[in-house]
Amino acid sequence: MKYLIWLVVLLAVVVWFQRAKKSMLAGSDSADAKAEPGMPPPKSSRSRRSSDGGAETMVQCAHCGIHFPVSEAVVHASGAHYCSEEHRRLASF
Ligand SMILES: [Zn+2]
């Protein structure tokens, strides 16, 4: 019975990670490094993006400081990189 609870928790975490990844691409900042302690970060989805072989250049969000692949960056007119459309908008004020 104890294992069933853990299975449900694990499933919820996996679903949460997938939703967070999607909302991050859509422009929300809800996915910022909130990994559960003891849970390894999901690395399997990375191979999907870097199928061209080379390692991606990592950039830092000028608003919150998180590091992420440059292909996911939102670039401001000033040349600054942001992790999401929302952070770019927040920084432009
Ligand atoms: Zn950010």
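Which residues of H1 are buried? Keep that in mind as you set up the view. This is a predicted model, in which local features need pLDDT of at least 70 and side-chain atom pairs count only at pLDDT 80 or more, while totals for chains, interfaces and linings use all residues. Residues are numbered from 1 along each chain as its sequence is written, and side-chain values use heavy atoms, with hydrogens and water left out.

**Stop one: helix H1.** Select residues 2–26. Helices here are DSSP runs of H or I with at least four residues, numbered from the N terminus. The expected span is 1.5 Å times one less than the number of residues; for the 25 residues of H1 that gives 36 Å, and the end C-alpha atoms are 36 Å apart, which agrees.

Now colour Val-13, Phe-17, Ala-20 and Met-24: these are the buried residues of H1. Buried means under 20% relative accessible area, exposed over 50%, and partly exposed in between, with a 1.4 Å probe and protein chains only. An α-helix has 3.6 residues a turn, so residues three or four places apart point the same way.

**Stop two: the zinc ion.** Show Cys-61 (SG), Cys-64 (SG), Cys-83 (SG) and His-87 (ND1), which coordinate the zinc ion at 1.9 to 2.4 Å. Donors are N, O and S atoms within 2.8 Å of the metal (3.2 Å for Na, K and Ca); water is not among the atoms, so sites may look incomplete. Along the chain, the donors follow the spacing C-x2-C-x18-C-x3-H. Finish by selecting Cys-83 and His-87, both of which are buried.

Methods
Helices (H or I, at least four residues) and strands (E, at least two) are DSSP runs, numbered from the N terminus.
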